[in-house]
Amino acid sequence: MVRKAMVTKSATTTKTRSSRGARARRLSAAQIHTLFARLAELDPNPSTELHYASPFELLVAVILSAQATDVGVNKATDKLFPVANTPGKILALGEDGLKPYISSIGLYNGKAKNIIATCKILIAQYGGKVPHDRAALEALPGVGRKTANVVLNTAFGEPTIAVDTHIFRVANRTGLAPGKDVRAVEDGLLEVVPAEFRQHAHHWLILHGRYVCKARKPDCGHCVIRDLCKFPDKSPAE
Ligand code: SF4
């Protein structure tokens, strides 16, 4: 009985310590506010680096951007969109006519198939427009939660946060919203990002991850949130 009580007490102590440890790795509400205020001061109106001029162009660009760089996607769409930038025009090109425009992008065969299928649905069900609705977006071929979040945020001004590899890294390293998978990080961010910063949080965090908090070599010496960040392996200041 005594032994059982000791074991229970020890387990409770370990649990308490580990939840204290998890809390210590998280930023406080005040620190999170400061973090976004600094990113906002650097870049008050951040946006995607993908080239687009309509919700449809953005949707196509985001479908193409899976496992590809924005620069690579822009090179392809800068040639494609002047020729075909509506579902009808892309359907007129057809899958074989679309492929040469996007063949420099990884997985282009599957992406061409998805874009053609998506165009057919947009015309048949939404009058050729991109639906302003998460479920309808996620039902389109080649469109997952992340793509839907980007379109909802960037084309329709919804305060969604699409978690890509950059945001996942920044949220975990800094202690902003640590999580084991992208959905846990997205839910965590939606909980902690102050309402006034939620609209642009997606782009601030992506750009910070892409240019400063880089995967292999974070540039901690030039990071404006260095003093707040909980990452234990920061690179030294120069
Ligand atoms: S201090 Fe370093 S690890 Fe932390 S956010 Fe800045 S670049 Fe990333």
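How many of the 238 residues of the chain count as buried? The share is 34%. A residue is buried if 20 or more other C-beta atoms lie within 10 Å of its own, exposed if 12 or fewer, and partly exposed in between, with C-beta atoms placed from the backbone.

This is a predicted model: local features need pLDDT of at least 70, side-chain atom pairs count only at pLDDT 80 or more, and totals for chains, interfaces and linings use all residues. Residues are numbered from 1 along each chain as its sequence is written.

View 1. Helices (H or I, at least four residues) and strands (E, at least two) are DSSP runs, numbered from the N terminus. Along the sequence the pattern reads α-α-α-α-α-α-α-α-α-α-α. Take the contacts with a separation of 6 or more: residues 24 or more positions apart account for 57% of them. Two residues are in contact if their C-beta atoms, placed from the backbone, lie within 7 Å.

**View 2. Helix α5 (residues 87–102) meets helix α6 (residues 108–126).** Their axes come within 9 Å and cross at roughly 180°. That makes α5 roughly antiparallel to α6. Axes are lines fitted to C-alpha atoms, for helices over the stretch in contact, and angles run from 0 to 180 degrees between N-to-C directions. Angles under 35 degrees count as roughly parallel, over 145 as roughly antiparallel, 65 to 115 as roughly perpendicular and the rest as oblique. On the α5 side, the contact residues include Ile90, Leu91 and Leu98. On the α6 side, they include Ile115, Ile116 and Cys119. By class, the contact has 12 nonpolar, 1 polar and 5 charged residues. Here Ala, Val, Leu, Ile, Met, Phe, Trp, Tyr, Cys and Pro count as nonpolar, Asp, Glu, Lys and Arg as charged, and the others, Gly among them, as polar.

**View 3. Helices α9 and α11 cross at roughly 90°.** Their axes come within 8 Å. The two helices are therefore roughly perpendicular to each other. His166, Ile167, Arg169 and Val170 of α9 make the contact with Leu205, Ile206, His208, Gly209 and Arg210 of α11. These residues divide into 4 nonpolar, 3 polar and 2 charged. The buried residues of α9 are Ile167, Phe168, Val170, Ala171, Arg173 and Thr174. Their cover includes α10 and α11. Glycine 175 follows α9, and its phi is positive, near 90°.

**View 4. Helix α10 (residues 182–192) has buried and exposed residues.** Val185, Glu186 and Leu189 are buried. They cover an arc of only 100° around the axis, so they lie on the same side of α10. The arc is that of the directions from the helix axis to the C-beta atoms. Arg183 and Glu191 are exposed on the other side. What covers the buried residues includes α9 (165–174) and α11 (195–211).

**View 5. Arginine 134 sits in helix α7 (residues 134–138).** Arginine 134 is partly exposed, because 15 other C-beta atoms lie within 10 Å. Not counting residues up to four places away in sequence, arginine 134 touches Ala148 and Leu152. Arginine 145 is 11 residues apart from arginine 134 along the chain, and their C-alpha atoms are separated by 8.1 Å.

**View 6. The ligand is surrounded by 13 residues.** The closest are Cys213, Pro218, Cys220, Cys223 and Cys229. The shell has 8 nonpolar, 1 polar and 4 charged residues.

Definitions and conventions
A residue is near a molecule or strand if its C-beta atom, placed from the backbone, lies within 6 Å of it.
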